[in-house]
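Please walk through this structure with me, one region at a time. Keep the viewer open as you read.

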Amino acid sequence: MNDTTETSSLKEFSLQFIHHKGALLGFIIIAFFMLVALCANLLAPYASDTIFQNAFRLPPFSEYTHNYFILGTDDVGRDLLSRLIYGSRISLGIGFFTVVLSLSIGGILGLAAGYFGGSIDSLIMRINDIIMALPSVLFAIVIISVLGPSLANTIIAVSVAELPHFMRLMRAQVMAEKNKNYVIISRTMGASHLRQMFTTILPNCLAPIIVQSALGFSDAILCAAALGFLGLGAEPPIPEWGTMLSDARPFIESSPILVTLPGLCIFITVLAFNIFGDGLRDTFDPKLKR
Amino acid sequence: MFRYLSQRIVVLLIAFFGITIIAFSLIRLAPGDPITLLLGERSVSEELRKEMTANLGFDKPLITQYFLFIYQGLQGDLGTSVITKRPVVDEFFQRLPATLELGIIALLFAITVGMPFGICAAVKRNSFFDYFTSFTSLAGYSMPIFWWGLVLIIIFSVHIHILPVSGRMNLMYDIEPITGFMLIDVWLRGEGMPAFIDVLKHLILPGIVMGTLPLAVITRMTRSSMLEILKEDYIRTAHAKGLTNMRVIGIHALRNALIPVITVIGLAFGSIITGAILTETIFSWPGIGRWLVLSVTQRDYPVIQGGIVIIASMIIMINILVDTTYAIVNPKMRKQT
């Protein structure tokens, strides 16, 4: 019986989700970028770091020594389209690993804070306050100043800066759930703390966390691109969109396309995740529905 | 109210304490020996190195070093920049007016555009205008502002040449700063209208870029808070009394809808700092954002260290101010003593 109710609620959820035009649009765009990222080596005409001698900043649709460049080439003679395609791997990868890291660490800390309360809660919330005393981009920059700029350090820095979102949300959810009857019953039946936290309470807190994960993706991609733009993110020749944009700044007058396209990719991806997250929230939370 | 406020202040002070620990650890955690980091990459004699270590207290136990750092910090001494050899505090306050001037313009832009749009969207709910506003504010929220700034430069400076690309004013005006706020200084130096307009023109693009995120947040907040209020019974009563629509929305609804919006505006300082870091880098604006980014790329640790301590203390003071105002403005909070 349990199975049928679950499938029907899943079905209901998908139906509502499909009817939410914004969420569907966001989902389609995200799926598109994910597909591009997964099949980058099939789609990209060249490798992201292949340099074509003397083919500097060619305009779109140009041909040079029997090589055809749909979007032209950058300032050192690499195919722009290929770099953008491989860049989707980098940006979505950063988003994915950041969300996984800050979700698991922040989620567990928030779960412990909400569940145990008292001094554990105070300690964890003070860590949260410290991270929140600086704006997240600045906090990430501070971490980079110690670790040094690289792709892995970008992920670490952004994950730490994003921790408070997950910690606070999880804590609030757990605090709302932990005194409900089903939790009290499982406690009287002798469930251990770990069992209570992860098996009893956690599944009932997931809906807003899933929404936050989608929004966290967009924050992470934006923050990482900002670090890349400032020259504190992925090191060259990694085709990170923010870094590409910043490298192309000197040529803003002669080849504006080198600046416009990477930024457009960042914008569309981030927007898609935000629309998707908002849509998810509307479908999950019937109270907010129009 | 006092209990709530004092609790908030204690919590914020603990956070500040945490930031000082982070700032203190930076130079000690960074790869390489702190003395080399402080002196730059030049080769120094072993004696000078020892002398420096003793002078700066790096030979003392960590805990003593930390209290020395706090003690000096409280006296307004946050170290000296490695690059310019000037005190970090002086450098900071010399650059702060440029950032504040830009931040004020950005916030004014965000408030004057965001609030009317938010109110109209809430009043004309589910209309085309509402959808347009919601989508635009979501787009503003998702905007990589470093890209947005460059796109605006391509359009307005490179293609139609009506606005300057970067800087605070045209080089032909050589204005010594008095207050540091150029819009005021042009008058104090007697440069008059043309210079004022030139400075204003330099503020437009960075102001829009920096104001984009606050604009999106303020629009969304005004809309949702207005929607909540418009559902209230007293609004229906006001309508029933036969008051004009303008009066009901402009006076009855707006007053209450503004409380959360004011909080958001107060807390926008954090997003101004984030905005400053990116906007000032694009527009070569001589403020604290660009200063911090340069200090990270040049590995000028005393600047990073001092900079984040000052910024964190400002953010924390503003938080306390917002909490206090909120407690005074909101009658529900006033009653709980």
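The model is predicted.

By that numbering, Pro237(A) sits in the loop between α10 (206–229) and α11 (241–247) of chain A. The peptide bond that leads from Pro236(A) to Pro237(A) is cis. Its omega is near 5°.

Now step back to chain A as a whole. It has 12 helices and 2 strands. Read from the N terminus, the order of elements is α-α-α-β-β-α-α-α-α-α-α-α-α-α. Along the principal axes, the C-alpha atoms of chain A fill a box of roughly 75 × 45 × 30 Å. Chain A has 290 residues, and 53% of them are buried. Take the contacts in chain A with a separation of 6 or more: 70% of them pair residues 24 or more positions apart.

Start with Ser218(A), which is found in helix α10. Is Ser218(A) buried or exposed? Its relative accessible area is 1%, so Ser218(A) counts as buried; the cut-off for buried is under 20%. The side chain of Ser218(A) makes a polar contact of 2.9 Å with the side chain of Asn274(A). Beyond residues up to four places away in sequence, Ser218(A) touches Val270(A), Phe273(A) and Asn274(A).

The other stop is Ile201(A). This residue lies in helix α9, which covers residues 193–201 of chain A. Ile201(A) is buried because its relative accessible area is 0%, and buried means under 20%. Which residues does Ile201(A) touch, not counting those up to four places away in sequence? They are Tyr115(A), Val174(A), Glu177(A), Lys178(A), Tyr182(A), Val183(A) and Gln196(A). Tyr182(A) and Ile201(A) are 19 residues apart along the chain, and their C-alpha atoms are separated by 9.0 Å.

How many cavities of 30 Å³ or more does the structure hold? It holds 1. The largest cavity has a volume of about 90 Å³. Its lining consists of Asp74(A), Asp75(A), Arg78(A), Leu80(A), Arg83(A), Met244(A), Asp247(A), Ala248(A), Leu258(A) and Pro262(A). Helices α4 (80–116), α11 and α12 (257–284) of chain A each give two or more residues to this lining. By class, the lining of the largest cavity has 5 nonpolar and 5 charged residues, with no polar ones.

Open space comes next, and with it chain B. The second largest pocket holds about 650 Å³. It is lined by 32 residues, and the closest to its centre are Gln94(B), Arg95(B), Arg168(B), Pro286(B) and Gly287(B). Two elements of chain B give two or more residues to the lining of this pocket: α5 (88–123) and α13 (288–297). The largest share, 5 residues, comes from α5(B). The lining of the second largest pocket divides into 15 nonpolar, 10 polar and 7 charged residues.

Take the loop between α12 (268–282) and α13 of chain B, where Ser284(B) lies. Ser284(B) is not a glycine, yet its phi is positive, near 45°. Its relative accessibility is 31%, so Ser284(B) counts as partly exposed.

Then move to the loop between α4 (62–74) and α5 of chain B, which holds Ser81(B). Lys85(B) is found in the loop between α4 and α5 as well. Lys85(B) has a positive phi of about 60°, although it is not a glycine. Ser81(B) is buried, with a relative accessible area of 3%. The side chain of Ser81(B) reaches the backbone nitrogen of Thr84(B) at 3.1 Å. Leaving aside neighbours within four places in sequence, Ser81(B) is in contact with Arg86(B), Val88(B), Glu91(B), Asp300(B) and Val303(B).

Notes:
Residues are numbered from 1 along each chain as its sequence is written. Chains are lettered from A and ligands numbered from 1 in the order in which they are written. This is a predicted model: local features need pLDDT of at least 70, side-chain atom pairs count only at pLDDT 80 or more; totals for chains, interfaces and linings use all residues. Side-chain values use heavy atoms; hydrogens and water are left out. On a 1 Å grid over the protein atoms alone, a cavity is a set of points where a 1.4 Å probe fits but cannot get out, and a pocket is an open set with protein on both sides within 12 Å along at least five of seven lines; lining residues have an atom within 4 Å of a point. Grid points are joined across faces, edges and corners, and a volume is the space filled by probe spheres set on the points. Helices (H or I, at least four residues) and strands (E, at least two) are DSSP runs, numbered from the N terminus. Ala, Val, Leu, Ile, Met, Phe, Trp, Tyr, Cys and Pro count as nonpolar, Asp, Glu, Lys and Arg as charged, and the others, Gly among them, as polar. Buried means under 20% relative accessible area, exposed over 50%, partly exposed in between (1.4 Å probe, protein chains only). A polar contact is a pair of N or O atoms within 3.5 Å; within protein, one must be able to donate a hydrogen and the other to accept it, and residues adjacent in sequence count only if both atoms are side-chain atoms. Contact means heavy atoms within 4.5 Å.
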